[in-house]
Amino acid sequence: MKKSLVIENLYVKSVDGKEILKGISLIIKQNEIHALMGPNGGGKSTLAQVIMGHPGFVITKGKILVDGKNITKLSPDKRAKLGIFLGFQYPIEVPGVNFANFLRMAANENKTKNEKFSPIAFRNLVKEKAAKLVFSEDITKRFLNEGFSGGEKKKAEILQMTLLKPSFAILDEPDSGLDVDALKYISKTIMNLDFPVGLVVITHYQRILHYLKPDFVHVLINGKIIKSGGADLAEAIEKNGYEKIFNKK
Amino acid sequence: MVMKKSSIKNNSYTYGFHKPEKSSFKTPLGINQKVVEAISNYKNEPLWMKEFRLKALKIFKQKKIPSFGPDLSKLNFDKLCFYNSPSNNKFRKWADVPKDILDTYNKIGVPEAEKKFLAGVEAQYDSEVIYSNLKNHWEKLGVIFTDMDTAVKKYPELVRKYLGTLVPVDDNKFSALNSAVWSGGSFIYVPKGVSVPIPLQAYFRINAKAVGQFERTIIVVEEGSFVHYIEGCSAPIYTNDSLHAAVVEVFVKKGARVRYTSIQNWSGSVYNLVTKRMQIEENGIGEWIDGNLGSKVNMKYPALVLKGKGARGELLSLAYAGKNQYQDTGGKAIHLAPNTTSTLISKSVSRSGGRASYRGLVKIAKGAKGSKSHVRCDALLLDDKSRSDTYPVNDIQEQDVTLGHEASVSKVGEQQLFYLMSRGLNETQATSLIVNGFIEPIVKELPLEYAVELNRLINLSMEGAIA
């Protein structure tokens, strides 16, 4: 199991040259929960995608390390194999690709021949994990995110995480657009993961943080982390808003 | 079509091997009256058939090559061998088939498939059918499944009743060519009220270099009966071009149903120029499942002629155009009677500069009131070098009809790839998944063994494309 994900002084531009991240540094250790907050357009989703290796961005300076191994230039699949997971803000629909088959293929990637899941064993495992997130239909029979409601897509991302067992997971707004019950199922699932993981949860809301109780809260504005603190920082933001706290000067 | 796992990984075309050419009879290169007569004489045919061929030869010479679609100007008839017989015999037991030929079919997996899940098999090697066998049970019920040459001799009245009535000799240059030099192909007759629930399969293999294969197939399914016919094709990889020009005529009688599944996986040196037509009578159902993976140039537009009221027709067409491939495929629905319905669904995948076109015709004749037709074509492009076109034609001569047409073109998106790769799949695996997902609506209509094989073939060609 990997012990640390380190982001070191990261500068990132979009492909068309716009500077988005301007010197981000973060250290995420196993079993820690970090909340990443900040107003829209500040660079939170970009940071999440850059950690996963999205080809649409250019890293101009800095690096990303997993247990000291520099992963800055690796393709997304290689990062996934090193234990990185990204829960997408807007999960992508892939028509005709069965959810369970796809996920089994992914889950088996890192396994030796003897450890690989059989289709039936994996299907049962998916059903068991899915039951805790409460899906209205049997997800093992559906195509990947195709025709899923907004809530189902968010739940399915968390379900994928529980089955892929990453060492570090960045969850990009896992709570947006969820009803009260779905938020509860998702939060409980995250709190009861049966493997050690370092989490970065991007969110606008205090609601999910009540469940998750983050160890650290970071505020990302205009490409920089301008403040880090404990759970009380999130409460202050919820109460007063970003402008009131950070525009005092 | 194949059911066997292959260990060949580097070459995306698994069936490109060839065996030494051993002919028992072969015509000189080119086509003329002497060649046509030699074929007929060698086959010891009745006079009516020889005359049919010679008349067709004249029409072939007058007809021009099609002015639409792919460029056929490089197709040189003078450099092709039009008849090449591998053996004087036809066999009913695999054990009797000459070793090289048996080896070929074993590699492709035909005898194994026959044992497992087919009611009958026919195997054509270059010009002649080398093996055919129908399981006893069906023979006893009066089902006929044999090669066309045998049918001409054993069931001449049946052959003469149907031959060339649905695809006239002068329909196009290649139907005329086939009529002049045809050899092999299947003849299927299912008597009234007999349902054959497990498929019959024909496997067409070209082995020799620069040879033409011209099989001729007739399927007649009488009132209330059912048959599912599957054909598969492959050939070695040669630098010289080969030509495959088949003619298929299918007759679906009142209340009968026929499903015709075709998986074309010719090698990249084959021109595949085929005319297929199905005529459906009152309340009958006709279905084409048409998979086009191989060949250099492919022109194939299976037609549904809805002749009786309430007749239904469906076409599911799949085309995969890789490097140096031009798939010009699609289908036709001709509504001649009231309350007939047709559905034409086409999916194409283009990559590495391949080109796929959908060419379709929906015709609703005067009097075909209450008819419905639905056309849908989807294209998936894997890169910027590849191309997809759609050429739909509607000819509607009746007011009271329903006609729907949908078309879409999509590219494998960066977002889809990133999403799948973020879960640990490499680019090849991710692309294969997207492609297999795209064609899933067609693959799910195939028998399981073929669906598995088709997915495997797609995965193999992806490995070649990206790795």
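Predicted model: local features only at pLDDT ≥ 70, side-chain atom pairs only at ≥ 80, totals over all residues.

Student: What makes β7 (168–172) and β8 (198–202) of chain A a pair?

Tutor: The cut-off is at least two bridges. Strands β7(A) and β8(A) share five bridges, in the parallel sense, so they pair by that rule. One bridge to look for is A:Ile170 with A:Val200 in β8(A).

Student: Which sheet do they sit in, and what makes β6 and β10 of chain A its edge strands?

Tutor: The open sheet runs β6-β7-β8-β3-β9-β10 (chain A), six strands with mixed pairing. Strands β6 (84–87) and β10 (224–229) of chain A are the edges: each pairs on one side only. Neighbouring strands are turned by 20 degrees against each other on average, ignoring direction. Helix α8 (231–246) of chain A lies across β3 (33–37), β9 (216–221) and β10 of chain A, at about 20 degrees to β9(A).

Student: What makes chain B's radius of gyration agree with a compact globule?

Tutor: For 467 residues, a compact globule would come out near 23 Å, and chain B has 21 Å, so the two agree. The C-alpha atoms of chain B fill a box of roughly 65 × 55 × 45 Å along the principal axes, and 55% of its residues count as buried. The chain has 12 helices and 24 strands. Among its contacts between residues at least 6 apart in sequence, 83% join residues at least 24 apart.

Student: Why is helix α9 of chain B called mostly covered?

Tutor: A residue is buried if 20 or more other C-beta atoms lie within 10 Å of its own. In α9 (414–421) of chain B, six of the eight residues are buried, among them B:Phe418 and B:Tyr419. The buried residues of α9(B) pack against α2 of chain A together with α10 (427–438) of chain B.

Student: How many residues of each chain are in contact across the interface?

Tutor: 23 residues of chain A touch 19 of chain B. On the chain A side, the elements giving two or more residues are α2 (76–81), α3 (99–108) and α5 (150–164). Helix α2(A) gives the largest share, four residues. By class, that side has 14 nonpolar, six polar and three charged residues.

Student: What are the domains of chain B, and how do they meet?

Tutor: The domain assignment gives domain 1 (25–300) and domain 2 (414–467), with C-alpha centres 31 Å apart. Their contact takes nine residues from domain 1 and seven from domain 2. On the domain 1 side, α4 (110–117), β13 (257–264) and β15 (285–292) of chain B each give two or more residues; that side has six nonpolar, three polar and no charged residues.

Technical notes. Residues numbered from 1 in each chain as written. Chains lettered and ligands numbered in written order. Contact = placed C-beta atoms within 7 Å. Nonpolar A, V, L, I, M, F, W, Y, C, P; charged D, E, K, R; others polar. Domains from an automatic or database assignment. Rg over C-alpha atoms; globule rule 2.2 N^0.38 Å. Buried ≥ 20, exposed ≤ 12 C-beta atoms within 10 Å, placed from the backbone. Axes fitted to C-alpha atoms, helices over the stretch in contact; angles between N-to-C directions.
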